[in-house]
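The sequence and the structure are shown first, and the description follows.

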Amino acid sequence: MKIFVCVKAVPESDSIAFDQETGHLKRQGSTAMINPCDLVAMEAALRCAEAYGGTVQAVSMGPDSAESALRTALAMGATHAHLLTSKVFSGADVPATAYTLSAFFKAAGSYDMIFCGKHSSDGDTGQVGAWLAELLGIPHACAVCRISDVGDSVVRAAQNIDSELLETVLPLPCLLTIENDMYYPRIPTLVNTLRAKRQDIACYNEESIPRLDPSQCGVSGSATRVKKVFVPNRMRRGMMLGQDQLELLLPILRVGRAG
Amino acid sequence: MQDAIFSTPLPEENLRDESGMTGYGDAIVFPRDTAQLQAVIKQVCTDRRILTVQGARTGICGGAVPLGGSVVNLSAMTDIEGFFFDAQTNRAHVSLQAGVTLEHLNQRLLSKKLDTCCFDRKSLACWEAYRQSEVTLRFAPNPTETSATVGGMAAANAIGSHIYAGVDMRTQVLAVEVVMPNGTVVCASRLEGESPPLPMDYFGNTVDLSVHPQCGNCAGYNTEGDLIDFICGSEGTSGVISRLTLALAPVPPSTCGLLAFFDTPAQMILFLADMEQKAEQVADGRIVGADFFEASCFRFIRRMRSSVSALCALPDFSTGVSVSLWLEIAAQNEDVIFALLEDSLECLKNVGAPADLALVATDSREFSRLQGLRHGITEAANLFSYEKKVFAMDINVPKYEYSALIARLSVEMRQHPFECVLMGRAGTGHLSFRLMPETGAQQVLAEQVHRRWMRQFTDLRCECACEYGVGRLKRELFETLCPSRAAATKRIRSALDPAGLFSPGVLCDS
């Protein structure tokens with residue numbers, strides 16, 4: 001069984017900075033780590049492979065710093081890692097990201113399952129997994145909190161939908177988006193960490209992925225554009241009014257209504 | 001300045017700390033500054049009332065539990081008042097009131113966001129320089145409980161795993177302001193151009209300090225150093241710390257944690273010695289923390305995991321190991337970290353340890369998870385203490401006895417029916433353990449074991465460690481293992497507080 005896990009490198013929370021002009025995250029120079037939700041997806045994939053036989057490979061789209069996320073995945077136990085990296089891919093929104101990943105998977109040959117984390121800690125859309133599945137034409141299940149059986153052609157999973165469990169059977173290949181609390185991710189071993197440090201990571205750009213249309217990648221392939229990112233101006237001024245002072249509200253309300 | 005808060009009767013939470021003891025008292029005051037604190041202490045002296053000092057009440061030895069009288073709680077004294085930073089040398093220090101918690105201080109330093117309303121112009125300029133700099137500062141002592149106040153940490157000479165690198169409160173407190181039991185305010189400073197008086201010079205003929213063995217990390221007053229060394233570790237009995245100036249250190253650019261497992265304590269000691277040699281050979285890399293955990297800790301984690309949230313995030317540990325060692329490695333860059341990790345693999349194989357089991361945390365999340373091992377075990381053990389009597393001991397063992405003693409205790413603990421955990425600060429000779437009986441019969445047995453071990457430790461010339469303080473619960477241990485220091489402590493205490501008003505029963509009888 002061949003399982004792929006999509007992982008993303010996200011900034012450590014204390015090193016997040018935005019480019020005020022483009023509205024994009026400044027990824028270069030920031031400290032990158034693997035997206036926390038993707039760690040859970042990795043753990044789920046590894047447990048599946050251990051229980052039912054198979055291998056786990058990690059895929060990431062991002063700048064060079066995304067290598068750190070892939071090395072973490074290797075240290076946890078992934079056998080191979082793939083990095084899709086090019087200026088053409090940068091600034092991608094959900095559709096453009098999913099398109100680039102789908103082109104990789106179409107070129108990769110066979111796979112049985114693709115696991116994704118619930119959402120990323122920086123973009124936080126939680127949509128790439130589902131979009132990717134649609135582009136690949138494979139069934140997908142979100143909010144997976146249990147995988148109870150993996151056979152030759154199907155997987156049985158439970159989805160946590162509004163606090164109810166929905167038992168689902170999906171034919172393979174399929175894509176599963178993993179709930180955050182499904183597992184605590186394993187801490188890498190020393191041996192695996194050192195192996196991961198030395199291991200080659202396969203890198204791909206727009207020219208090395210067959211049948212990739214660059215115009216559907218990155219900024220040019222994005223249906224949405226971030227206009228502005230800003231910290232909202234929190235107004236801390238205020239007045240405390242007693243019950244006998246309510247008439248002071250009237251002029252404020254009149255101005256609000258007029259506005 | 002806002003008025004002090006006064007409350008009578010005591011709120012229930014202020015009758016307890018983390019030791020499980022519950023006390024009693026009449027009133028509690030939360031002063032907001034030194035003047036208010038001084039007024040409280042003067043009033044106490046005038047009225048001849050017992051006074052117990054509290055910070056965040058995170059102590060596990062009952063030092064903050066009132067046994068009558070009034071309580072003065074410093075948790076409202078939370079101003080950060082001054083800051084110094086030299087961008088050329090990265091030297092830095094911060095001045096603050098005693099009620100600031102370690103967690104709060106380090107969060108402000110990490111985020112570089114701070115309420116600077118108390119800062120003068122020089123502090124503001126230094127803070128701005130820090131904000132613009134690339135470096136991140138922290139207060140280096142890392143006791144298990146980060147919600148402790150800095151005043152409480154100083155009073156107990158709190159240590160953490162960084163004691164391995166020689167970091168404790170005594171070495172990191174640069175200045176201190178103390179309200180003495182007689183109501184006078186004393187300031188002692190090691191800042192540039194100043195030197196604090198020696199205890200002998202300060203107290204003069206009023207206190208006999210002449211016979212007091214070398215202290216080190218042992219419990220009791222430190223009379224070998226300066227006045228700051230004396231006040232740190234005096235557990236509030238030499239006065240109430242109101243303000244401190246603390247040395248800050250840059251956070252190392254790269255850090256990782258290694259949790260290695262061993263079949264015997266001797267393997268662990270050999271491994272640590274080998275790793276220390278390797279670290280010395282590598283420029284820009286060093287071991288800054290080393291804690292060990294005996295197999296009893298992992299048995300205890302397995303039992304308590306479902307009821308203590310702090311344990312849930314820990315991995316499942318192998319059942320076959322004897323001891324494990326948590327190493328914190330700091331370096332200038334990742335290449336040095338990985339060079340030391342390669343060395344660690346080689347060292348593990350050389351001592352015959354199961355190298356495949358060793359875990360590594362190279363990012364902050366994994367690091368926090370594994371570093372939380374000690375905190376999780378302590379928190380789980382605290383749950384026991386709320387309902388049952390727990391026998392807690394912290395001792396310093398002569399280095400030549402360390403490995404053999406761990407091995408003997410390890411074998412014996414497996415035979416006892418009650419829960420127990422054994423861990424320690426490796427490299428410093430420190431052992432910390434708790435016996436946690438659950439039934440009446442187990443309690444009788446635990447008491448016998450406790451007494452037998454105390455005799456053994458006395459024969460081995462172990463000393464009572466200052467980790468967690470002596471408080472009330474470890475007085476017997478202190479008096480048994482260090483009789484001459486305990487006697488000297490009592491004499492000094494009687495001279496400082498002749499009426500026995502301040503935290504009676506803490507550290508020694510008044």
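## Helix H3 of chain B

In this predicted model, the buried residues of H3(B) are B:Cys126, B:Trp127 and B:Tyr130. A residue is termed buried if 20 or more other C-beta atoms lie within 10 Å of its own, exposed if 12 or fewer, and partly exposed in between, with C-beta atoms placed from the backbone. Viewed down the axis of H3(B), these buried residues fall within an arc of 100 degrees, so they line one face of the helix; the arc is that of the directions from the helix axis to the C-beta atoms. The face turned away from the buried side of H3(B) carries the exposed residues B:Arg121, B:Arg131 and B:Gln132.

Helix H3 of chain B covers residues 121-132, twelve residues, and its first and last C-alpha atoms are 17 Å apart, close to the 16 Å expected at 1.5 Å a residue. That expected span is 1.5 Å times one less than the number of residues. The buried residues of H3(B) pack against strand S5 (80-85) and strand S7 (137-138) of chain B. Helices (H or I, at least four residues) and strands (E, at least two) are DSSP runs, numbered from the N terminus.

## Numbering and confidence

Residues are numbered from 1 along each chain as its sequence is written, while chains are lettered from A and ligands numbered from 1 in the order in which they are written. In this predicted model local features need pLDDT of at least 70 and side-chain atom pairs count only at pLDDT 80 or more, whereas totals for chains, interfaces and linings use all residues.

## Domains of chain B

The domain assignment, which is automatic or from a database, divides chain B into domain 1 (5-73), domain 2 (80-250) and domain 3 (254-464). The C-alpha centres of domain 1 and domain 2 of chain B lie 22 Å apart. Their contact takes 13 residues from domain 1 and 19 residues from domain 2, where two residues are in contact if their C-beta atoms, placed from the backbone, lie within 7 Å. On the domain 1 side, helix H1 (residues 34-47) of chain B gives the most, with six residues.

Chain A contains six helices and eleven strands. Of its 259 residues, 39% are buried.

The contact between the chains takes 23 residues from chain B and 14 residues from chain A. Elements giving two or more residues to the chain B side include helix H2 (102-111) and helix H11 (334-351) of chain B.
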